[in-house]
Every structure is written in structure tokens, then in C-alpha cells.
Amino acid sequence: MKVILQRDGSTLTGNVFYFLPKLGLSMLLSLSLFSCSQQSSTSNTPNKDKPQVVATSTIIANLAEEVGGDEVQVTGILKPGTDPHVYEPVPQNTRVMEEADLVLYNGYNLEPGLIKLMKSAAGKTRQLAVGEVVKPLQLAEKSKGKVPDPHVWGDVKNAIAMTHAIRDALIKLSPEDKEEFTKNDQRLTKELEQLDSWIKTQIQTIPANKRKLVTTHDAFQYYGRAYGIPIAGTLIGISTEEQPSAQTVKGLVEEVKKIGVPAIFAETTINPALIKTVAQEAGVKLAPSQLYSDSIGAPGSPGDTYIKMMQSNTQTVVEALGGKNVSR
């Protein structure tokens, strides 16, 4: 679960619409956003003496490890850097699901392939949709109408609710460890409360007219609403399965020019080629650091835990948009 390979999508650069006319547009857009291989981090050597907890997303796995401590064995299905929206399960995922005592997943269709696997392979195992303890924002998706936004962890207060839900699920799984789970939950909650306050302070240092986010996909609505930085535009919607048209790209370029932000942002789980093109065509910077959207970072990276991920994202946003960044 801890061995990481970052996804690298830097192979397509430059003005893809003017310099590659012979490549079909639909193929180009597909390659530009999604030319990264999926990854699984299923552990091959779990400690069978402990309750077996399987987590689908890296964010939930990290929170579960913090709350569970040494009392449970947490196995994460996805490696940091893997996109849960498009991940297709592999056979070893089935085995781990079948052997689990508890499966923690995000829900709201964040990880459709793993949810489908869970319902078949772990049908009688305890399951908790951790993200669904939060009332979702309802956002419009092409051809689907209004759907729940699964990126609930963008608001740290929601992550606190998720942490409490994990605590309660672990207590039901292993009642004799209630005291330890409760203590770990209290410690983590205090750290999250401090993080929430820090993010609010940091975002307010950005000049008001620059306080807008433009990203690759619509994963930051909770963050934007919680911390007062509206989402001004994205290439694609909630799910990264969506592929933007040339008209969508052109429209985003015009919107970026109109709102006058100094920088826009790529994400670690998505090939940055098209968002680079948007930045070039709009005449703005692409922030030098990518945002962590659907996954924490590799061990040793600035975002290798949920807390560090949120801190890194905030520092990246504040620095790129002209705020005054102060380390925590």
C-alpha cells in the first residue's frame, strides 16, 4: 500500500490544436487527459491477526490508518496518484475484498469500478460509504443532470465527520479497542480543526479580485465554498471520464482571460497537457505545483497524508494567486 509510482502525463505539450492537425480531436483529447496507467496498492502480506480493513481511496485509507492505529490492518486498494473515477479493478483486488472484515469506500460514485466489485466480492462484509455521511453538493453533469459531488473531503469539516464515521465503524468491528480508536479520533480531529482554521486564514491573504480557481476537473467545489474561493472554470466535470470538446477548451480560455487570474492549476491524477494549452492560450501561468485532487501524494511528497495534501494545495493556490503564504 505504501509503494508508489506517480502518474506522469507530461508527454503531450504545446498548442495541441494548432500543431497536431492530423490527429483526430477525440483521440487527442482522450490521450491528453487520460494517457496514464491505473495502479493498485493492494497489500500481499496482511497481518491476519488483526481485523482486516480495506479502503478504496487513498484519502480514506490514510484517515483509517490514523484512527485505527496499530489495532487494525488497513489495506488500500489504490496507490497515491491513481484516479478512482476511471480505475478498473484487477483480480487481486477481488481477493482482498473477499477477505476483508470491513470495507470503507467514499461513495457518491467516486470509485464506480471498485463499488461494483465490492458489491459482488464483499457482499456480506461490513461496508461503509464514508463520504456519504456528508450531505453532498448537487452539481450538473452532462447527460446526467444533477448528481452528488463525491469530493467531500475538500471541506476539512467534512473530513472530521468522515473521521468520526470511521471511528464508529472500527468500534463496531473491534469493541475491545474502543478506547484506542476514540483517543486517535480525538487527536486527529484536533489537528483537522487547526488545519481548517489555517486554510481560511491563508485564502484570505489572496487579493479579492484574484480569489478564483480554474482547475482541470470539478473536484474543488467543497474547498471553494468552505474557504471563500469560487471555482471559476474547469475543463471537465465531476468525473474524469468526461472528455472536453475543442469548444469547451476554447470557452475556458476565454473565461480565464475575462476573470484575469494570474494562474490556473493542473492536478496530480490527470495529464496536464490540455490545461497547459489553456494557460498558454489565455496568457497566464500554470501553477508550478500541481494540486492533489482525488488522491494523496507519494510517500515523501508534500501531500503524502490528507492533512499535508490540504496544506500543500492551499500553499500552491495562495502562492500562485498572489497571497501571503505562512507555513503551519
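## A tour from ring cluster to helix to loop

Start with three side chains: Phe220, Tyr223 and Tyr227 are joined into a cluster by ring pairs. This is a predicted model. Searching the whole structure turns up 2 aromatic pairs. Look closely at Phe220 and Tyr223. Their ring centres lie 6.5 Å apart and their planes meet at 85°, so this pair is edge-to-face. The cut-off for that label is over 60 degrees. Are Phe220 and Tyr223 buried or exposed? Both Phe220 and Tyr223 are buried.

**Zoom out to the whole chain.** Colour by secondary structure. The chain has 11 helices and 10 strands. Of its 328 residues, 58% are buried. The chain exposes about 14,000 Å², and carbon and sulfur atoms supply 51% of that area. Next, think about contacts. Take those between residues at least 6 apart in sequence: 69% of them join residues at least 24 apart.

**Select residues 246-259.** This is helix α9, with 14 residues.

Now show the side chains of α9. Val249, Leu252, Val253, Val256 and Ile259 are buried. Turn the view to look down the axis of α9. The buried residues fall within an arc of 140°, so they line one face of the helix. An α-helix has 3.6 residues a turn, so residues three or four places apart point the same way.

Step just past the end of α9. Gly260 sits there, with a positive phi of about 70°.

**Select the loop between β3 (102-105) and α5 (112-121).** Tyr108 is in this loop. Asn109 is in the loop between β3 and α5 as well. Check the backbone angles. Most residues other than glycine have a negative phi. What is the phi of Tyr108? Tyr108 has a positive phi, near 55°. Asn109 is not a glycine either, yet its phi is positive, about 65°.

Finish with the surface around these two residues. Tyr108 has 17% relative accessibility, so it counts as buried. The cut-off for buried is under 20%. Asn109 has a relative accessible area of 46%, and it is partly exposed.

Key. Residues numbered from 1 in each chain as written. Predicted model: local features only at pLDDT ≥ 70, side-chain atom pairs only at ≥ 80, totals over all residues. Heavy atoms only, no water. Helix = DSSP H or I, 4+ residues; strand = E, 2+ residues; numbered from the N terminus. Buried < 20%, exposed > 50% of the residue type's maximum accessible area, 1.4 Å probe, protein only. Contact = heavy atoms within 4.5 Å. Areas by Shrake-Rupley, 256 points an atom, 1.4 Å probe, with all protein chains shown as cover. Expected span 1.5 Å × (residues − 1). Arc of directions from axis to C-beta. Phe/Tyr/Trp six-rings, centres within 6.5 Å; stacked < 30°, edge-to-face > 60°.
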